[in-house]
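Thanks for making time this morning. I would like to walk you through one model, and please keep the sequence and the structure in view while I talk.

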Amino acid sequence: GLTISSRLVDLMDGRIWVESRLGEGSRFHFTARFRVQNGRPPQVLPASIAGTRVLVVDDNETNRRILVDILSNWEMRPEAVPGVAEALAAIRRALAAGEPYQVILTDVNMPKMDGFTLAERIKSDPELGSTVIMMLTSGDRPGDVARCEEVGAAAYLMKPIKQSELFDAVVSSLGAVSAEDAAAALDESAARPVRPLNVLLAEDSLANQKLAVGVLERWGHRVTVAHNGKQAVAAVQTQPFDLVLMDVQMPELDGLEATRMIRQSERGTGRHLPIIAMTAHAMKGDRERCLDAGMDSYVAKPVRAARLREAIDELLDRCSTGLPTGAAVAPSPAAEPEDGAEARAGRPVLRASASAFEISAALEVVGGNEELLKDVLQAFLEESPAAMRELDAALAAADGPAVSRAAHKINGQMRILGCDAARRTAFELEQLSGRGELSALAGLRDRLVSEVQAIVPSVAAWLRGAP
């Protein structure tokens with residue numbers, strides 16, 4: 001430790017020394033030279049979560065104490081109980097006192113009644129249905145992620161929980177904006193790239209194309225669009241690119257297979273084209289599948305400007321220093337998810353449920369740029385009828401993979417618009433059809449059509465009234 005400290009001090013043009021007296025102890029000193037920092041100091045704690053009432057539900061006393069300490073440090077107002085029965089009683093008392101809990105942070109694996117039971121009880125109560133529920137689990141049980149979707153959980157996080165992950169999930173679920181993020185949004189110059197890049201965007205969704213192209217061009221990048229994996233592979237063979245943003249699920253050739261073909265063509269050439277996956281599937285195992293296919297990083301959809309910039313900068317830094325690019329996969333996104341899911345390290349963070357188009361959520365996706373949002377929403381209105389026709393044709397043909405692809409596209413549209421009810425229905429269609437469970441799809445299709453039809457008028461109305 002002393003050797004490391006000495007070297008650090010030397011690098012900062014300083015010196016280090018010790019004063020020691022027998023029987024009294026030692027006192028270490030150092031000096032260092034620092035440059036004056038330009039710009040505003042970072043702000044970490046958002047005032048918008050201060051005072052938020054949180055109920056922690058966990059049968060492990062140590063876990064309860066840790067979570068209460070963390071939440072208290074963020075100036076939230078946490079209380080803790082050991083089980084579902086106690087949680088329901090506390091929730092009723094808080095509601096009767098006129099101080100309901102805004103967030104329920106519950107363990108999944110508990111004796112007698114688990115966290116999913118608690119979530120179902122809360123969501124079935126009209127007075128509590130808007131409560132944000134966040135799930136914590138110490139195991140990765142099959143089906144847990146799907147259950148989180150079903151019960152409308154806003155986040156699903158793995159223990160031992162990292163404070164940064166919990167913080168991001170809380171902020172995302174409450175729709176809060178940190179002072180740091182707000183400052184970054186205001187300081188547009190900080191978002192500009194060091195140099196313009198020639199970027200290949202492989203994406204079949206028109207709305208996602210508009211969103212990604214708008215963000216990238218605002219940073220000064222040149223963007224070429226490929227509508228499927230085959231076009232992406234062909235483009236790489238004929239043009240030089242600095243970076244590829246590759247959607248994972250595309251018709252004809254998906255992003256994973258397209259990446260494998262690109263990597264195959266690079267063998268023996270010494271070249272390595274940086275590829276970032278854009279995926280709505282930040283579930284366990286998706287990180288490994290992306291890396292195994294040869295991708296270097298991924299971001300969750302809907303693509304958010306700050307996360308995308310972070311992923312690009314980190315990846316290009318690693319490439320320029322010769323470090324192995326596949327060693328770092330950028331998180332997305334609480335959420336993300338994917339699934340919505342903004343997700344971190346393969347664990348999804350899901351947004352709180354919403355039944356219709358939410359302008360605030362959509363503006364967040366485009367970084368507050370209303371001109372870009374107009375393009376994205378217009379693309380949705382143009383693309384949505386075709387996506388529904390594609391879904392109906394796949395259902396009529398009982399083609400499970402085609403149903404899954406069509407539902408996935410609609411799922412992505414709903415993420416951008418912040419329409420979580422329709423997104424969850426599309427997600428359920430996608431999952432069931434992907435597993436070949438086609439018998440229950442007709443009812444889901446009708447529900448999805450109804451939900452999407454309810455969204456279209458509000459999107460059109462916003463476009464008519466947009467400045």
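This is a predicted model: local features need pLDDT of at least 70, side-chain atom pairs count only at pLDDT 80 or more; totals for chains, interfaces and linings use all residues.

Let me begin with the helix pair, where packing is described by the angle between the two axes and by the distance between them. Helix α14 covers residues 370–396 and helix α15 covers residues 400–417, and their axes come within 9 Å of each other while crossing at roughly 155 degrees. Angles over 145 degrees count as roughly antiparallel, and α14 and α15 are therefore roughly antiparallel to each other. As for the hand, the crossing in which α14 passes α15 is left-handed. On the α14 side, the residues making the contact include Val-376, Leu-377, Phe-380, Met-388 and Leu-391, while on the α15 side they include Val-403, Ala-406, Ile-410, Met-414 and Leu-417. Sorted by class, this contact of α14 with α15 has 16 nonpolar, 2 polar and 3 charged residues.

What else does Ser-404 touch, if we leave aside residues up to four places away in sequence? Ser-404 lies in helix α15, and with that exclusion its contacts are Glu-430, Ser-433 and Gly-434. At a relative accessibility of 9%, Ser-404 counts as buried.

Ala-396, by contrast, belongs to helix α14 and is exposed, with a relative accessible area of 72%. In the loop between α14 and α15 we find Ala-398, which is also exposed, at 51%. Most residues other than glycine have a negative phi. Ala-398, although not a glycine, has a positive phi of about 50 degrees.

Finally, please look at Glu-75, in the loop between α2 (61–73) and β4 (77–81). Glu-75 has a positive phi of about 65 degrees without being a glycine, and at 46% relative accessibility Glu-75 counts as partly exposed.

Note on methods. Residues are numbered from 1 along each chain as its sequence is written. Side-chain values use heavy atoms; hydrogens and water are left out. Axes are lines fitted to C-alpha atoms, for helices over the stretch in contact, and angles run from 0 to 180 degrees between N-to-C directions. Helices (H or I, at least four residues) and strands (E, at least two) are DSSP runs, numbered from the N terminus. Angles under 35 degrees count as roughly parallel, over 145 as roughly antiparallel, 65 to 115 as roughly perpendicular and the rest as oblique. A crossing is left-handed if the near helix is turned anticlockwise from the far one by less than a right angle, and right-handed if clockwise. Contact means heavy atoms within 4.5 Å. Ala, Val, Leu, Ile, Met, Phe, Trp, Tyr, Cys and Pro count as nonpolar, Asp, Glu, Lys and Arg as charged, and the others, Gly among them, as polar. Buried means under 20% relative accessible area, exposed over 50%, partly exposed in between (1.4 Å probe, protein chains only).
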